[in-house]
Amino acid sequence: MQAGIKAVLLDLDGTFADTAPDLGAALNHVRSLHNLPPLPLSIIRPEASHGSVGLLKIGFNITPESPQFAVLRQAFLDYYTQNICAHTTLFPGMAQLINALEKRNLPWGIVTNKPHRFTLPLMQALGYVKRAACLVSGDTCARAKPHPDPLLKACEMLSISPQESLYLGDDKRDMEASRAADIPFIIARYGYLNPNEDLSAWQSRGSLHNPIDLLTHLNTQQQGS
């Protein structure tokens, strides 16, 4: 780890919070409208980080270019808007990590591709919107991850350099954005990782099976600084 970490940035879906149950419920609601059986969470979870596009692909085998896509996506989003935090919870260990960061006076923030109209109410429902030092959503910048712009925007909001932060995420786009922004990246192995992904090629600074283990990385960094 590089010395001088002054902030921790977190992806939202699949890293900070387990949103798959509510995203899956929205997908299965739309499937039920078309007399299709529900998909199990085990199939939904690996696609949860890809939002409506990824979920509708596994649910209906369609892409945004398909004629039905817009109608199905609207039904999905309507349901999700009304049930955004019915079953969503923080991943085990995340609340403890946030408490520990705050005790150290180490700011933390969210950088997600989730649109702001979903990011804000979800963080409010979880009770963390006022505790986060920054919220950067998928439409905060002109370009979302894997472009580095959202991560660089977060660093700008926190008045730190990219090298003074680190980013915890569970998706290849998170890694690519971190690399482009020159921000140290940590893999959230507990999240929605694609089981076929070659994580050894990600060139991360480490990986976690539990969010609280990030403190070990921070302690190591502090001892080496």
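L39 sits in the loop that links helix 1 (20-33) to helix 2 (41-44); helices here are DSSP runs of H or I with at least four residues, strands are runs of E with at least two, and both are numbered from the N terminus. The model is a predicted one, so local features need pLDDT of at least 70 and side-chain atom pairs count only at pLDDT 80 or more, while totals for chains, interfaces and linings use all residues. Residues are numbered from 1 along each chain as its sequence is written, and side-chain values use heavy atoms, with hydrogens and water left out.

Is L39 buried or exposed? With a relative accessible area of 17%, L39 is buried (buried means under 20%, exposed over 50%, partly exposed in between, using a 1.4 Å probe and protein chains only). Setting aside residues up to four places away in sequence, L39 touches L27, N28, R31, I44, I58 and G59, where a contact means heavy atoms within 4.5 Å.

Now for the whole protein. Nine helices and eight strands make it up. Its radius of gyration, 17 Å, is close to the 17 Å that the globule rule gives for 225 residues, so the protein is as compact as a globular protein of that length (the radius is taken over C-alpha atoms, and the rule is 2.2 Å times the number of residues to the power 0.38). Of the 225 residues, 49% count as buried. Among contacts with a separation of 6 or more, 64% come from residues 24 or more positions apart.
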